[in-house]
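Please keep the sequence and the model in view while reading.

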Amino acid sequence: MESVRLEKLAMALTAAFSLLLSGVALVSMVMLGILLSEVTALPLHAQTSPAVALEAATKKEQVDGDLKTAIADYQKIAADKSAPRDVRAKALLHLAGCYEKLGQQAQGVYQQIVRDFADQPAATQARTRLAAMKHDDHPAPPATITQRKIEQSERGFGEGDTDGHRVVYADRATSELIYGDLAGNSKKVIFKAKPGELPGWSPSRDFSTIFLSLHAKPGEPQIFAVINTDGTGYREFSRLDGSSHCWPTWSWDNRYLVCAESKDKVTHLLRISVADGQTRELLNLKDAYVEDAHYSPDGHFIAYETYATSDADPFSRIFVMPAEGGEPQLVYEHRQTNTFFILFQQLRLLDWTADGRYLAIGSDKGAKSALDLLPMKDGKADGAPVFVKYGDFRDGQTTAAGGLIYHAVKPGGAWAVYLASLDANYHPGGWKRLNLPLGNISNPMPAWSGDSNRIVYVAKSEDEGQVGGGGEVVHLRSLSTGEDRAIYHAQGMVMCIWASQQPKLFCSDRADQTTEIVSIAVDSGEITRLHTFSGKGLWIDYPSHDNQSLYMVRGEEKPGAQMVRWDIASQQETLLDQYPDKGWGEMSSDERWLVRANDKSVEIRPMAGGEWKPLVSRGTEGGHVDFTSDGQWFLYHDADSTGKPILSRVASTGSQPERLGDFPTKAGSGTMRISPDGSKIMVAAGEYGTAYEMWSLENFVPPAPKP
């Protein structure tokens, strides 16, 4: 199962707010109602069209209870720059209130009011709510909780492969699957595979039986088998079409496996009998992404999550359905602020608790992640989520004894930024890792200043994250002095580049299905809002040399992203290239070249137009590529014949590839940037393979009420 977590991450590359039933929380909600009631009525003489629209939206919210329509109306009013500032601020205040009623993240909206409408009375009310939310946001954890770190000691296993005492793990050197105790005092080989063909595996809750997904070549059936933990009783029991991948989870009585299989944009929820391999389709969902499904301990229900993958419907949802099939019941949903990468899902269904009274869910509360328990009764939600503790709960599984084994990103995050000097021929010197205060699960997107002495990057931390709605903070770092300062607190997912030869940044700030383009004066911190784009996310690649245009990569609902040039003054954009499905592209900073890649093949053409021509075939995939500032050379992350990561180059006009030196990481996810003066090179790498640590949590479930 350890390999499955990494597979999920590979497939992905691609803030639930919970009120506590404490006195402070109840007072906070009362204050919220009072504050909102004070901004409902508008003097008749002052009413304009936006004011009338605000009054109608308020009626939808407070009289009709139609929060969905009210939210859409409030968003429209707030985005209308011709509307009076007081009306826009009040619309945002109501919008935040609606989000709170739905249990969704509202901090970013309150912070927008404080930031953009500081002169309005609504800003005072927003500050009051933020202060109350900060107080509510630090409840004391249950006193009985115990937590301990599980040392994996270079053994390959995942959160479902141990109960904190026993473990099933892989010895990849010998292609053996081993069962033993977690301390390593005993071990037994239970399955030996051909070299390089270790199966996927998952133990039953009682560790009596191991499920195996045997190695299959593309197009071949996926073969399911089971074997006892003493190495006996091996048998194959099911074969699934090899055109898709199905990773199942066990029922608590070891009778069934349940998994989600996707074919032709339809997800099929399958129940597979371990006894005879009989497969039954319980549900099929069109245009839905489902990763895991989980049996309830009593076997009566199955819970599953559908991930938000579209701006048209940006909600992740948890459903519960009868185990024998039937109508699913929506039990929880969360509005996803970023639908561009599945990896950044802010709601994560972990498992049922062992007593069946709760669903354990990982959620993002503003910048902080947390474990919540959703009360369940007869397959339906039975109250608001109960906060357990803060922490990164990305994947988890409940043990038969009632504990929770889960993975969390290590302190410092999953990303690293490396720096090396370059000689006149672009050979790198020794690589060193920059000590940046990251904490990121997403790319920090470091970029060079025009003088090649400073960088801008994005960080996400528990402390600073509470200031910005999305928890991402833009930092400036001087490489000569080490001075580091935060310059911008984003509403959502942000990235920045330096303007050409000016002390200014251009940034894209993505939140709630819109991307705001801003410029930031580096010396003063003054922010100028340039434009707001709706629809799929975008990020800025480079500015034009005259700073009049921005080159941006735009994601689309249809397959393939786009490279566009956007003119700041006219706000008009020009399509430069449509990338192939699952492909990506890059440009040279001198505005001469475009490259695009699909898998390991890279093509090039002049930006002015012309035919695409093959440039190089790499030994790796991913985004670690860049042109030299004069556009003469294309540098890229490659691998030698032994698989060692290397830095190579090829002439933009075509030449034989040339090895330049070592590369600091095997990770394919990330970006690479050569400094404008050509003296340094910087690499951001998502090192997900080594970014996680495993924990055991016990005594975290509230005691059952006395009869």
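## A strand pair

In this predicted model, V409 stands opposite Y692 in strand β48. The strands β23 (residues 404–409) and β48 (residues 692–698) run antiparallel and are joined by 6 bridges.

## The sheet around the pair

Strands of a sheet pair through backbone hydrogen bonds, and this pairing is either parallel or antiparallel. Here, β48 and β23 belong to an open sheet of 4 strands, whose order is β1-β48-β23-β22 and whose pairing is antiparallel. At the edges lie β1 (146–150) and β22 (395–398), each of which pairs on one side only. On average, neighbouring strands of this sheet are turned by 25 degrees against each other, with direction ignored.

## Two packed helices

How do helices α4 and α5 pack? Helix α4 covers residues 67–79 and helix α5 covers residues 85–101; the angle between them is about 150 degrees, and their axes are 8 Å apart. Angles over 145 degrees count as roughly antiparallel, and α4 and α5 are therefore roughly antiparallel to each other. The crossing in which α4 passes α5 is left-handed.

## The contact between the helices

Which residues of α4 meet α5? From α4, the residues are L67, I71, Y74, Q75, I77 and A78. They meet V87, R88, A91, L92, H94, L95, C98, Y99 and K101 in α5. Sorted by class, the contact of α4 with α5 has 11 nonpolar residues, 2 polar residues and 2 charged residues.

Technical notes: Residues are numbered from 1 along each chain as its sequence is written. This is a predicted model: local features need pLDDT of at least 70, side-chain atom pairs count only at pLDDT 80 or more; totals for chains, interfaces and linings use all residues. Side-chain values use heavy atoms; hydrogens and water are left out. Axes are lines fitted to C-alpha atoms, for helices over the stretch in contact, and angles run from 0 to 180 degrees between N-to-C directions. Angles under 35 degrees count as roughly parallel, over 145 as roughly antiparallel, 65 to 115 as roughly perpendicular and the rest as oblique. A crossing is left-handed if the near helix is turned anticlockwise from the far one by less than a right angle, and right-handed if clockwise. Contact means heavy atoms within 4.5 Å. Ala, Val, Leu, Ile, Met, Phe, Trp, Tyr, Cys and Pro count as nonpolar, Asp, Glu, Lys and Arg as charged, and the others, Gly among them, as polar. Two strands pair if DSSP finds at least two bridges between them.
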